[in-house]
Amino acid sequence: MFTLLTPMIDTKVPLMVVQGFNGFFLGILFPLLLGMSIESIAREKRATAMGVYQALYAVGMFTGPFLAGILSASLGLAVGFYFCAGLALLASILVFVWKRNEEGQSIERFDVSG
């Protein structure tokens, strides 16, 4: 939401407020996602899972700004922010769908009636 708002702001103080909220919520979100990424992994394999997570994160840390830079250079700075906001929206939808499917499977998996 805050990334989507960023290109719409044209003065310094509102930009600082939006970026402050953006940083605050990212500070909450990243550790949460990090924990969620390994919660279903067996304890003895969690170090490996963290390595995979960090490797994929590193790929994203390069690819995301690279693509946003190409978009911004060719279509304008606002497009880069809209691209990132769109990716965040897509990720949110996928997390919701996957979590919902996971909960449905766990109910079916542990149903011992019948």
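Visitor: Does Gly35 count as buried, partly exposed or exposed, and which value decides that?

Guide: This is a predicted model, and in it Gly35 lies in helix α2. Buried means under 20% relative accessible area and exposed means over 50%, with partly exposed in between. The relative accessibility of Gly35 is 36%, so Gly35 counts as partly exposed.

Visitor: How far apart in space are Gly35 and Met50?

Guide: Along the sequence, Gly35 and Met50 are 15 residues apart. Met50 is one of the α3 residues that make the contact between α2 and α3. From C-alpha to C-alpha, the distance between Gly35 and Met50 is 9.5 Å.

Visitor: Is the crossing of α2 and α3 left-handed or right-handed, and which residues make the contact?

Guide: The crossing of α2 and α3 is right-handed. From α3, the contact uses Arg46, Ala49, Met50, Tyr53 and Tyr57. From α2, it uses Phe30, Leu34, Ser37 and Ile38.

Visitor: How do the residues of that contact divide into nonpolar, polar and charged?

Guide: Tyr counts as nonpolar and Arg as charged in this scheme. The residues in the contact of α2 with α3 divide into seven nonpolar, one polar and one charged.

Visitor: Why does Asn22 count as buried, and what is it in contact with?

Guide: Asn22 also lies in helix α2. The cut-off for buried is under 20%, and Asn22 counts as buried because its relative accessibility is 15%. Leaving aside neighbours within four places in sequence, Asn22 is in contact with Phe2 and Thr3.

Visitor: What pattern does the protein chain follow along the sequence?

Guide: The protein chain has four helices and zero strands. Read along the sequence, the pattern is α-α-α-α.

Visitor: What percentage of the residues count as buried?

Guide: The protein chain has 114 residues. Asn22 is one that counts as buried. The share of residues that count as buried is 10%.

Conventions
Residues are numbered from 1 along each chain as its sequence is written. This is a predicted model: local features need pLDDT of at least 70, side-chain atom pairs count only at pLDDT 80 or more; totals for chains, interfaces and linings use all residues. Side-chain values use heavy atoms; hydrogens and water are left out. A crossing is left-handed if the near helix is turned anticlockwise from the far one by less than a right angle, and right-handed if clockwise. Helices (H or I, at least four residues) and strands (E, at least two) are DSSP runs, numbered from the N terminus. Contact means heavy atoms within 4.5 Å. Buried means under 20% relative accessible area, exposed over 50%, partly exposed in between (1.4 Å probe, protein chains only).
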